[in-house]
Amino acid sequence: MQTFEITLQYRLVRLGDTEPLGRPITYVDYMSGAFTDCANEESIWLISMNPKHRPMGRTLLRTGPLAAAMTLSRDLFRVALFAEANAIAVVRGQPDENVAMTKHDETTLRRFRETAGCLNIEFVDYLIISTCDDRRWPLFYSWHAAGRPH
């Protein structure tokens, strides 16, 4: 039988005060550099924020096919609760240029929003960002900006 040790490791990704994340492009900017090690596969990330939507951290939750659909609410909110987040945004890194919502995204989004409501955590946005390569004009989709029902 194997025994594993779980460790928590923080890595500084920005210096200085962090501006609140408001518009979708600010989330995209905040995620710059995050996809370096997983640009060729789908990934799901959590951005934990304080009540004023200032980011406290970003966490890679899972990589691989159907990363969002395979991520359980308990895995996502374990991280959010540990970070004492008052608000969250979920980001799915897409390894191609297709940033449209899928039926898996819709199901996952509904699950995450319901759980956030039960835990009194504000669910701010669900974004899909193309990780193809660094573009001057990044490709992304924002559920909030698309005017989806709350």
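In the predicted model, A80 touches L46, S48, A85, I88 and I121, leaving aside residues up to four places away in sequence. A80 also belongs to the largest nonpolar core, which has 21 residues. Those with the most contacts inside this core are L76, F77, A80, I88, V90, F123 and Y126. Two or more residues are given to the core by each of the elements β1, α2 (67–70), α3 (73–82), β3, α4 and β4. Another core, of 17 residues, lies apart from it and includes L21, A87, V124 and I129.

Strand β3, which comprises residues 87–94, is largely enclosed by the rest of the structure, because eight of its eight residues are buried, that is, each has under 20% relative accessible area. In a regular strand, side chains alternate between the two faces of the sheet. In β3 both faces are covered. On one side A87, A89, V91 and G93 are buried, and on the other I88, V90, R92 and Q94 are buried as well.

The pairing of β3 with other strands was examined next. Strand β1 (residues 43–49) is joined to β3 by seven bridges, and the two run antiparallel; within this pairing, W45 stands opposite V91. Strand β4 (residues 122–130) is joined to β3 by eight bridges, and these two strands run parallel. From β3 the chain crosses to β4 through helix α4 (residues 103–118), forming a β-α-β crossover that is right-handed. Both V90 and Y126 are among the residues with the most contacts inside the largest nonpolar core.

Key
Residues are numbered from 1 along each chain as its sequence is written. This is a predicted model: local features need pLDDT of at least 70, side-chain atom pairs count only at pLDDT 80 or more; totals for chains, interfaces and linings use all residues. Side-chain values use heavy atoms; hydrogens and water are left out. Buried means under 20% relative accessible area, exposed over 50%, partly exposed in between (1.4 Å probe, protein chains only). Helices (H or I, at least four residues) and strands (E, at least two) are DSSP runs, numbered from the N terminus. Two strands pair if DSSP finds at least two bridges between them. A crossover is right-handed if, with the strands pointing away from the viewer, the path from the first strand over the helix to the second runs clockwise. A nonpolar core is a set of buried Ala, Val, Leu, Ile, Met, Phe, Trp, Tyr and Cys residues joined through side-chain atoms within 4.5 Å. Contact means heavy atoms within 4.5 Å.
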